[in-house]
Amino acid sequence: MKVYMMTKGVRDATTPAVLKACGIPFEIVCHTDEDAKRLSDKHEVNCIPCYPSGNLLGSIRDFVHLQLTNSGDWYCLCDDNITEVYAPPGNIYACDEVEEDPEYRKLFMTPIERDLLWPEIWNLKEECQRCGTVYGGFGYIDNYFFRRKKWKYRGYVKAKLFVAQNDGQPWMWDERLGLMLDHAKTYDVIARYGRVVINQWIFPQHPRFQPGGLGSHMERMPMRLQTIEVLKEKFKGLIKVKEGEIEGYEDNISLALQSETSIERWRRRNGYLH
C-alpha cells in the first residue's frame, strides 16, 4: 500500500516531517512540474505532478484514487498540514473502550509512539477489509470524551489521513460537488457498503482554514452550501443538517441514522440493497 501526500504547493508543508519521523515511505502529489522539482529537492522524495483542473481537491484525489492506484488496490492519502499525530499510551491504546476520566483528556493528546503509526495505518486497512468497506480514517475531534471507543463504523471520516480502495467510484461522483468532499465520500461509502471504519484513538492534528490553502471559511462557504444541497438530495433521510446555524460549516452536517439496522433499512429502501 502506497502513501501519498497531496499539496497545492505550499512552501511550509509540515506533513513530510511527521511521516519521516514515523518511518513512513511516501510520495508527494502536487500541481505542476515546478512544484514537483522544488518539493522533490526539499523533501528528497518522489513528487508527481497531476495538473488538476476544475474542482482542485476532487481532481487531485481522483488522480490518486483512479490513476495512481490500480482497480482493487488500496492506498493511503494525507494532506500537507499535519503538525503532529496523537494517541493514548500503550496500556490504554490496547483497550477497546475507556470510561469517562478527566485524566484521559491529557493522555489522549500524547504524541504517538513513532513506530506505531505505520502499522496502525495497515491495521486500519485490514479492519476495512474485515468489515467489507473501502474507506477508513482516524479521529477528527481532539477531546477524548467524544471518542472513548477505539473503533467506530458509522460516522464521519475526515480525509486528513485515510486509507481507501480503488473500487471504481470517483470522489467527484457528481460534478456539482464543491468542498466537503470528505462528507460526500463518507456518505457515499456508507450508502454503498453500509459502514466506514474510524480508529478514533489516533488523532492527526492540523490547523484549519490556512491562508494559501483552499481559502478562508467564508471564501469556502458558497461551495460548501452547494455540496450540502447535493448531499441532502442524494442522501435524504441518511444525513441531517442542523437548523438555525451556518449550514456551510462542516460540523453542522452528520449522519441522521446511527444503528446498523436503521442504515440497512435506508439502504434497502433506496435501492442500495437488493
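Axes are lines fitted to C-alpha atoms, for helices over the stretch in contact, and the angles between N-to-C directions run from 0 to 180 degrees. The model shown is predicted, so local features need pLDDT of at least 70 and side-chain atom pairs count only at pLDDT 80 or more, while totals for chains, interfaces and linings use all residues. Residues are numbered from 1 along each chain as its sequence is written, and side-chain values use heavy atoms, with hydrogens and water left out.

**View A. Helices H3 and H7.** Helix H3 spans residues 56–68, and its axis comes within 11 Å of the axis of H7, crossing at roughly 45°. Helices (H or I, at least four residues) and strands (E, at least two) are DSSP runs numbered from the N terminus. H3 is therefore oblique to H7; angles under 35 degrees count as roughly parallel, over 145 as roughly antiparallel, 65 to 115 as roughly perpendicular and the rest as oblique. On the H3 side, the contact (heavy atoms within 4.5 Å) is made by Leu57, Gly58, Arg61 and His65, and on the H7 side by Leu181, Asp182 and Lys185. By class, this contact has 2 nonpolar, 2 polar and 3 charged residues. Ala, Val, Leu, Ile, Met, Phe, Trp, Tyr, Cys and Pro count as nonpolar, Asp, Glu, Lys and Arg as charged, and the others, Gly among them, as polar.

**View B. Helices H7 and H9.** The axes of H7 (residues 181–193) and H9 (residues 260–269) cross at roughly 80° and come within 9 Å. The two helices are therefore roughly perpendicular to each other. H7 contributes Ile190, Ala191, Arg192 and Tyr193 to the contact, and H9 contributes Ile263, Trp266 and Arg267. The classes here are 5 nonpolar, no polar and 2 charged residues.

**View C. The second largest pocket.** This pocket has a volume of about 390 Å³. A pocket is an open set of points on a 1 Å grid over the protein atoms alone, with protein on both sides within 12 Å along at least five of seven lines; a cavity is a set where a 1.4 Å probe fits but cannot get out, and lining residues have an atom within 4 Å of a point. Grid points are joined across faces, edges and corners, and a volume is the space filled by probe spheres set on the points. Of the 21 lining residues, Tyr140, Ile141, Lys152, Tyr156 and Ser254 are the closest to the pocket centre. H7 and strand S12 (253–255) are the elements that give two or more residues to the lining, and S12 has the largest share, 3 residues.

**View D. The largest cavity.** About 40 Å³ of space lies in this cavity. Its lining consists of Phe138, Gly139, Tyr140, Lys158, Lys160, Leu161, Pro204 and His206.
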